Each structure stands twice: as structure tokens, then as C-alpha cells.
Amino acid sequence: MPLVRFSVSIDQELVEAFDSLVEAQGYANRSEAIRDAMRSRLVRQEWEKGDEVAGVITLLYDHHRHGVSEALTEIQHHALAEVISATHVHVDEDNCLEFVAVRGEARAIEKLADRMISLKGVKHGALTATSTGKKLR
Ligand code: NI
């Protein structure tokens with residue numbers, strides 16, 4: 001891919017705010033931070049358009065709560081098209097952390113995540129929305 005240089009007019013205050021973010025995050029330079037910001041917006045668009053996407057669903061739950069782990073397993077067994085893999089970590093005597101890697105249509109992934117996160121007994125759940133990477137460079 002050839003590199004393209006382009007100039008953009010931006011308010012000084014916005015550039016300064018962005019540059020302090022660039023420094024705080026440890027970016028090598030402003031260009032890489034801008035590339036990341038662009039990719040991040042493109043990934044969001046993939047989700048908005050309902051494209052094929054990828055993500056990770058994280059679930060923290062108390063395994064003593066009756067039926068939670070069974071319900072989570074049941075849901076995943078009925079979503080084989082989306083679920084790529086699942087890892088279960090025993091955080092302590094009570095808490096389990098599960099991360100489920102998923103890939104598929106954005107709407108289906110969101111529905112799957114919502115179903116698992118909203119289960120009674122799940123203390124905290126989140127969907128990390130990312131991309132299959134096919135349209136990103
Ligand atoms: Ni566990």
C-alpha cells in the first residue's frame with residue numbers, strides 16, 4: 001500500500017489536546033495515533049452497519065449462584081456459529097471469569113452478548129467490539 005500524505009486544518013486547542021493524549025498513551029508519533037483513531041472509527045462503522053465482526057465477551061460471575069455456569073454453557077452450545085473459543089478462569093473461591101471469543105454478524109454478536117451479560121448471577125459483563133481485520137490496514 002502506498003503512503004498518502006494529506007494536510008488537515010484543525011483548531012490549535014484540539015491538536016494540543018490530541019498531542020497530550022498521544023504522549024500519555026506512549027505513541028511513537030502523532031501519525032500512528034491518528035491511524036489508530038481512524039481504524040477505531042472504521043471498526044465502529046462495521047458494527048453500525050451490521051458487518052461481519054469479531055469480539056470478546058467477558059463475564060464475571062459467582063459459580064455458587066445456581067444455574068449460572070450451566071446457562072452460560074447452554075447459550076454457547078446454541079451459538080456455535082459465533083463462538084470461536086471460551087476460556088474459564090477461577091478468580092478465587094467464589095468468582096469465575098469467562099472470556100468468549102466471537103465472530104459473526106454484528107447484530108447476532110450483540111444479541112449473544114446481551115443474553116449472557118443479562119443472566120441472573122453475572123456480576124459484570126462486557127463486550128469488546130473489534131474487527132475481523134479484513135478491511136483494516
Ligand atoms: Ni470457575
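Colleague: Let's start with Gly26: buried or exposed?
Modeller: This is a predicted model, so local features need pLDDT of at least 70, side-chain atom pairs count only at pLDDT 80 or more, and totals for chains, interfaces and linings use all residues. Residues are numbered from 1 along each chain as its sequence is written, and side-chain values use heavy atoms, with hydrogens and water left out. Buried means under 20% relative accessible area, exposed over 50%, and partly exposed in between (1.4 Å probe, protein chains only). Gly26 comes out at 57% relative accessibility, so it counts as exposed.

Colleague: Which helix holds Ala24, then?
Modeller: Ala24 has a relative accessible area of 71%, so it is exposed. Its C-alpha atom and that of Val102, 78 residues apart along the chain, are separated by 31 Å. The helix covering residues 12–25 is the one with Ala24 in it, namely α1.

Colleague: How about Gln45, what's its relative accessible area?
Modeller: Gln45 belongs to helix α2, residues 30–49. Its C-alpha atom is separated by 14 Å from that of Lys134, 89 residues apart along the chain. Gln45 counts as partly exposed because its relative accessible area is 36%.

Colleague: OK, the metal. Which residues coordinate the nickel ion?
Modeller: Donors are N, O and S atoms within 2.8 Å of the metal (3.2 Å for Na, K and Ca), and water is not among the atoms, so sites may look incomplete. Along the chain, the donors of the nickel ion follow the spacing H-x1-H-x5-C. At 2.1 to 2.3 Å, the coordinating atoms are NE2, ND1 and SG, in that order, of His88, His90 and Cys96.

Colleague: Is Cys96 buried or exposed?
Modeller: For contrast, His88 is at 35% relative accessibility, so it counts as partly exposed. Cys96 has a relative accessible area of 3%, so it is buried.

Colleague: Zooming out, in what order do the elements of the protein chain run?
Modeller: The secondary structure comes to four helices and four strands. From the N terminus on, the order is α-α-β-α-β-β-α-β.

Colleague: What is the radius of gyration of the protein chain?
Modeller: The C-alpha trace spans about 60 × 30 × 20 Å along its principal axes. The radius is taken over C-alpha atoms, and the globule rule is 2.2 Å times the number of residues to the power 0.38. For 137 residues the rule gives 14 Å, and the protein chain is well over that, so it is more spread out than a compact globule: 19 Å.

Key. Helices (H or I, at least four residues) and strands (E, at least two) are DSSP runs, numbered from the N terminus.
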